[in-house]
Amino acid sequence: MADSVHPAARILLWVGWAVAVEAAAPSVLPLLAVAAATAFLFAPTRTRLLKLLRRTRWLLVVLALAYAYTLPGVPAWPALGWASPSIEGLAAGGLRVVRLALLLAGLAVLLALTERTRLLYGLYGLSRPLAWLGLDRRAFVVRLGLTLDYVESAPASMRWLDALRAPLPDEAVPTAYPLVTERWHARDSAVILAGLLLLAIVLA
């Protein structure tokens, strides 16, 4: 059943998940964490999440420190004086890190359960309204696909600045990037409606 869901519907479900994670009350976040944790019983999803967390670890650290030291409040360790973060900042920073981690968890599920070409086709379909503004959807999908291919194939030891400076080999630019057309079915609409219902329950 999961494999038959349209890729555009999967992307919309992740968008709904992101909205729920961002707008949910702090008391609801443990429930969302439990829901996300069930997906990590499977190795592909768990591997994806660990990779995403590893690549964003410094962002998470910077966010936590930025909140801890910029929000005013009661010093967590008064003996440190000005060098002490505030209790309110630590709480806000921890909450922000948890929300971002849950958002990455949903993204890990999407990436682990959706093939690259299907994901790109879903984005191609969802970008149709942008064509009215002059966006070339085909060029957008091809460039995005090439970028994802390059990121996946880049050596792990290469520094990000060196990766940007390194020229792309000629054979890395294909003449075509094929996508398989998929039809939208009634089950896809049912999945979206179910997701909207769950989102309304979470935000209520």
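1. A word on terms before we start: a residue is called buried under 20% relative accessible area, exposed over 50%, and partly exposed in between, with a 1.4 Å probe and protein chains only. By that rule L179, at 28% relative accessibility, counts as partly exposed.

2. Some ground rules. This is a predicted model, in which local features need pLDDT of at least 70 and side-chain atom pairs count only at pLDDT 80 or more, while totals for chains, interfaces and linings use all residues. Residues are numbered from 1 along each chain as its sequence is written, and side-chain values use heavy atoms, with hydrogens and water left out.

3. The overall picture: the chain has ten helices and zero strands. Helices (H or I, at least four residues) and strands (E, at least two) are DSSP runs, numbered from the N terminus. Of the 204 residues, 26% count as buried. Taking contacts (heavy atoms within 4.5 Å) between residues at least 6 apart in sequence, 67% join residues at least 24 apart.

4. Now to the interior. A nonpolar core here is a set of buried Ala, Val, Leu, Ile, Met, Phe, Trp, Tyr and Cys residues joined through side-chain atoms within 4.5 Å. The largest such core has 14 residues, and W17, L32, A36, F40, L49 and L102 are those with the most contacts inside it. At least two core residues come from each of α1 (7–23), α2 (29–37), α3 (43–55) and α5 (87–113). The most come from α5, which gives four. As general background, nonpolar side chains tend to be buried together in soluble globular proteins.

5. Have a look at W17. Not counting residues up to four places away in sequence, W17 touches L32, A36, L102, L103 and G106.

6. How do α1 and α2 cross? Their axes come within 10 Å and cross at roughly 145 degrees. Axes are lines fitted to C-alpha atoms, for helices over the stretch in contact, and angles run from 0 to 180 degrees between N-to-C directions.

7. Which residues of α2 are buried? They are L29, L32 and A36. Seen down the axis of α2, these fall within an arc of 60 degrees, so they line one face of the helix; the arc is that of the directions from the helix axis to the C-beta atoms. The buried residues pack against α1, α5 and α10 (186–203). On the other side of α2, L31 and V34 are exposed.

8. L13 sits in α1 and, at 32% relative accessibility, counts as partly exposed. Leaving aside neighbours within four places in sequence, L13 is in contact with V191, I192 and G195.

9. Apart from neighbours within four places in sequence, L179 is in contact with T117, L120, Y121 and V141. L179 and R116 are 63 residues apart in sequence and 9.7 Å apart in space, C-alpha to C-alpha.
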